[in-house]
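Please read them with the coordinates open.

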Amino acid sequence: MRKLIATVFNYSLDGLLADEGTEFWKFCFDLPENREPDDPAHLDFLQSAYAHIMGRTAYESIAGAMTTSTDHPFADILNAGRKVVFSRTLKTADWANTTIAAGDTTDEIDKLRLGGDGHIVVWGGVSLWRSLMRLDLIDELQLSMFPYVSGEGTRLFDGVPKSYQLDLVSSTASSNGLVYLQYRRHR
């Protein structure tokens, strides 16, 4: 059965996601890791995914950026990869290799998980992450923790179960203070 791995970028020390237009957002995208991600292990992780799933808002943002990009390292991976958008309002998906999942979230995830090994990358947005956590469907969380106390932004874990134990799998620090954390859902 395929694992569902949520990738959470731009996460502050005080537990906030970088909202577009904030000082934290500017800080995140001034770093080379965000502007030009080139970690071979991360690129391989994305390339080897069975599917990339996202909510409607994340889909619209990522599709807009990747379909017009000629040099972003994620563009070729995502443009060619299988994508599934979880939305009850989106009627068409113009990005190549994209399907819309409008049914029961658990049933849709179960269909994606069946039939093999590997992993499915959950890009977000925050509503989808929270929904998947409430349904206890996420197997792993990969967080990019930035050396920044934001004070403003969106809380990732609002509205999720009060008890959500995770086991640390790995932590790696970059030279500029980013910490990459990988957690597995405790079962």
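This is a predicted model: local features need pLDDT of at least 70, side-chain atom pairs count only at pLDDT 80 or more; totals for chains, interfaces and linings use all residues.

1. Burial of E7. Strand E7 spans residues 140-145 and is mostly covered. Six of its six residues are buried.

2. Glu 140, Gln 142 and Ser 144 point one way. Leu 141, Leu 143 and Met 145 point the other way. Both sets are buried. In a regular strand, side chains alternate between the two faces of the sheet.

3. Pairing with E1. E1, residues 3-11, runs parallel to E7. Five bridges join the two strands. Tyr 11 stands opposite Met 145 of E7.

4. Pairing with E10. Which sense does the pairing of E7 and E10 take, parallel or antiparallel? It is antiparallel, over six bridges, with E10 covering residues 179-185. Within E10, Arg 184 is the bridge partner of Glu 140.

5. Arg 2, charge. Arg 2 sits in the segment before E1. Arg 2 is buried but has no salt bridge. Asp 117 is the nearest side chain of opposite charge, at 7.7 Å.

6. Arg 2, surroundings. What does the side chain of Arg 2 reach at 2.5 Å? The backbone oxygen of Leu 114. Beyond its neighbours within four places in sequence, Arg 2 is in contact with several residues, including Tyr 50, Leu 112, Arg 113, Gly 116, Ile 120 and Asp 139. Asp 117 is also among these contacts of Arg 2.

How values were computed. Residues are numbered from 1 along each chain as its sequence is written. Side-chain values use heavy atoms; hydrogens and water are left out. Buried means under 20% relative accessible area, exposed over 50%, partly exposed in between (1.4 Å probe, protein chains only). Helices (H or I, at least four residues) and strands (E, at least two) are DSSP runs, numbered from the N terminus. Two strands pair if DSSP finds at least two bridges between them. Lys and Arg count as positive and Asp and Glu as negative; His and the chain ends are not counted. A salt bridge is a side-chain nitrogen of Lys or Arg within 4 Å of a carboxyl oxygen of Asp or Glu. A polar contact is a pair of N or O atoms within 3.5 Å; within protein, one must be able to donate a hydrogen and the other to accept it, and residues adjacent in sequence count only if both atoms are side-chain atoms. Contact means heavy atoms within 4.5 Å.
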